Amino acid sequence: MERYILQPSENNGWWVVTDMKYKIAVLFKEHEFTTKKYASILKDPDASESEIRRLLRSTKDLNHYMRDALAHIAF
């Protein structure tokens, strides 16, 4: 299974990237990932960590992924 899933949002010019490991979805405006993004914590009954800890862990990894793999969309 892929760790990250990128999909266009229903709103034109926006994207959603989902971290499947930590169950975090981030909505961001194309080319404005660092300034226009909104995170949602998805329900995960099997999670062993708190929602805040999952969000913090995901944010670090997701920023690296976006810079390395999706810079043409994110920045």
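## Confidence

In this predicted model, confidence is highest in β2, at 98, and lowest in α1, at a mean of 92. The average pLDDT of the protein is 93, and 100% of the residues score at least 70.

## The sheet

Four strands form an open sheet in the order β1-β2-β3-β4, and their pairing is antiparallel. β1 and β4 are the edge strands, each of which pairs on one side only. From one strand to the next, the twist averages 20°. In general, the strands of a sheet pair through backbone hydrogen bonds, in either a parallel or an antiparallel arrangement.

Five bridges connect β1, which spans residues 4-8, to β2 in the antiparallel sense. Leucine 6 has valine 17 of β2 as its bridge partner.

Helix α1 comprises 19 residues and extends 26 Å from its first C-alpha to its last, close to the 27 Å expected at 1.5 Å a residue. Its buried residues are Arg54, Ser58, Leu62 and Met66. An α-helix has 3.6 residues a turn, so residues three or four places apart point the same way.

Which elements cover the buried residues of α1? The cover includes the strands β1, β2, β3 and β4 (37-41), together with α2.

## The nonpolar core

The largest nonpolar core has 13 residues, of which Val17, Val26, Phe28, Phe33, Leu62 and Met66 touch the most other members. At least two residues of this core come from each of β2 (14-19), β3 (24-29), α1 (51-69) and α2 (71-74). β3 provides the largest share, three residues. In soluble globular proteins, nonpolar side chains tend to be buried together.

Leu62 links several parts of this description. It is one of the buried residues of α1 and is among the core members that touch the most others. Leaving aside residues up to four places away in sequence, leucine 62 touches Tyr4, Val17, Val26 and Phe33. Of these contacts, Val17 is also the bridge partner of leucine 6, and Val17, Val26 and Phe33 are themselves among the core residues that touch the most other members.

Key
Residues numbered from 1 in each chain as written. Predicted model: local features only at pLDDT ≥ 70, side-chain atom pairs only at ≥ 80, totals over all residues. Heavy atoms only, no water. Core = buried A, V, L, I, M, F, W, Y, C linked by side-chain atoms within 4.5 Å. Buried < 20%, exposed > 50% of the residue type's maximum accessible area, 1.4 Å probe, protein only. Contact = heavy atoms within 4.5 Å. Pairing = 2+ DSSP bridges. Expected span 1.5 Å × (residues − 1). pLDDT = per-residue confidence, 0-100. Axes fitted to C-alpha atoms, helices over the stretch in contact; angles between N-to-C directions.
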